[in-house]
Amino acid sequence: MCLFRMASKGRTIILSIHQPRYSIYRLFDSLTLLVGGKMVYHGPAPNALDYFANIGFPCEPHNNPADFFLDVINGDSTATSMTKVPGSEDVEFEEQSDSRQSIEERLVDEFRSSSYCSATRAELELIEQEKKCSSCSKSRTITYNSSFLQQLRWVLRRTFQNLMLNPQTSVAQLGVNIFLALIVGAIFFGVKDDQSGIQNRMGALFFITTNQCFSTVSAAELFITERKLFVHEYISGYYRVSVYFLSKILSDITLRTVTSVIFSCIVYFMIGLKSSAAEFLVFTLTVTLVAYTATAMTMAISADQSVVALANIFMTITFVFMMIFSGLLVNLPSIMDWLAWLKYFSIPRYGLAALKINEFVGLKFCDEAGIRNMSAAGTNCSVSAAGLTCTGEQYLDYLGIEYTTWGLWENHVALTAMTFIFFIIAYLKLRYIKKFT
């Protein structure tokens, strides 16, 4: 009765049953009978008895139709035994298999020539035509019962709940960032405005930038660990690819923002960088943008990977390559022209350049006498007569960095553009996985 109620509400119930009682049989709408893998009847269940009666197999009164059908297709029906000759019991066993086979062949032939078979073939041909038309389309159309915003709401809610129920990753990441901030702040604590301060500032800014890049390696697991779940839920029509992608981005970006702000607050004031609210905000913004861009690149690399270790290898190699062209390990203006173009693909280069402009512009590393001597020697000199760099602008000129206001925001624009490009690549890879899974 449960299946009957489900069928009455519009659901299609396909049931394979052996020898049901009449109270169950009378609930059937359509009936299919097979013998030896061949169809002997397919049509409305109430018409089955009349069909068998018309082909010479009437059902006895008060007999269960299900039992009658089993007897007929097995050659045991009373209707099939009425034609037996008395006294033929001795040869009955030898002829049993031949008689059964002849009955099966007759049932199959009768159905093939019936109107029910013609109607069934017509329905199958129609289904086959619809299947061919649907196969012409490049992708299967999936319909959704809810809007984009409703899907985003629930998937994003589930993502944050999973993050709260499994806080090991987020808490560990926050703890590691605080620990590294304290270590860096202790090493470069109270940086001075002298020649050693130049090197210390460069080392601190370089470490901060590279730390933001390598700390995003944890984002590689976002798409890899839930790959099977995502494919199953998408093809089932639960949500769109864009909904799943945005929920993952928003949850991870939230975590990156919190950790970047806390990291910046600790390391900025412990090192003793420029004590200005504007410079601190620019510093925090730059550190956060580097984290965003590195996260986007991590997602772009890992979106089509199935093994976390392999994705980590690809990301590590990429970040190490980018570090070479960041502007600290090698002087970028001295690189040969046929290799110089690679610096435009380095995330640490843009972040480090923005941090250097924000920190070095306006700083003085010599006394007033040394600066006056520098001015007398020429404004374009990068070092004083004693071989010292006296101003931050001179050091930036030596590095080949444009330290104007546009030069600062140019690096921010480049980081933002790279972030969007990497996110687009990651999204397209997710759609590629969905299409061929």
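This is a predicted model: local features need pLDDT of at least 70, side-chain atom pairs count only at pLDDT 80 or more; totals for chains, interfaces and linings use all residues.
User: What parts does the pair C366 and C390 tie together?

Analyst: C366 sits in the loop between α17 (347-360) and α18 (368-377), while C390 sits in the loop between α18 and α19 (392-399). The pair therefore ties together parts that are 24 residues apart in sequence. Both cysteines are buried, too.

User: Why is C117 called buried, and why is C265 called partly exposed?

Analyst: Happy to set the values against the limits. C117 has a relative accessible area of 7%; buried means under 20%, so C117 is buried. C265 has 34%, and partly exposed lies between that limit and the one for exposed, over 50%, so C265 is partly exposed.

User: Why does N64 count as buried?

Analyst: Its relative accessible area is 16%, and the limit is under 20%, so N64 is buried. N64 belongs to the loop between α3 (48-54) and α4 (65-73). Not counting residues up to four places away in sequence, N64 touches P20, R21 and Y22.

User: What makes β1 and β2 a pair of strands?

Analyst: Pairing needs at least two bridges, and 6 bridges join β1 to β2 (residues 38-44), so the two strands pair. They run antiparallel, with V35 opposite K38 in β2. Their hairpin has 2 residues between the strands, and G36 takes a positive phi near 60 degrees there.

User: Which residues of β1 lie on its covered face, and which on its uncovered one?

Analyst: In β1 (residues 30-35), L31, L33 and V35 make up the covered face, whereas S30, T32 and L34 make up the uncovered one. In a regular strand the side chains alternate between the two faces of the sheet.

User: Why is M39 called partly exposed?

Analyst: M39, in strand β2, has 30% relative accessibility; buried would be under 20% and exposed over 50%, so M39 counts as partly exposed. Leaving aside neighbours within four places in sequence, M39 is in contact with T32, L33, L34, V108 and F111. M39 and R112 are 73 residues apart in sequence, yet 8.7 Å apart in space, C-alpha to C-alpha.

Key. Residues are numbered from 1 along each chain as its sequence is written. Side-chain values use heavy atoms; hydrogens and water are left out. Helices (H or I, at least four residues) and strands (E, at least two) are DSSP runs, numbered from the N terminus. Buried means under 20% relative accessible area, exposed over 50%, partly exposed in between (1.4 Å probe, protein chains only). Contact means heavy atoms within 4.5 Å.
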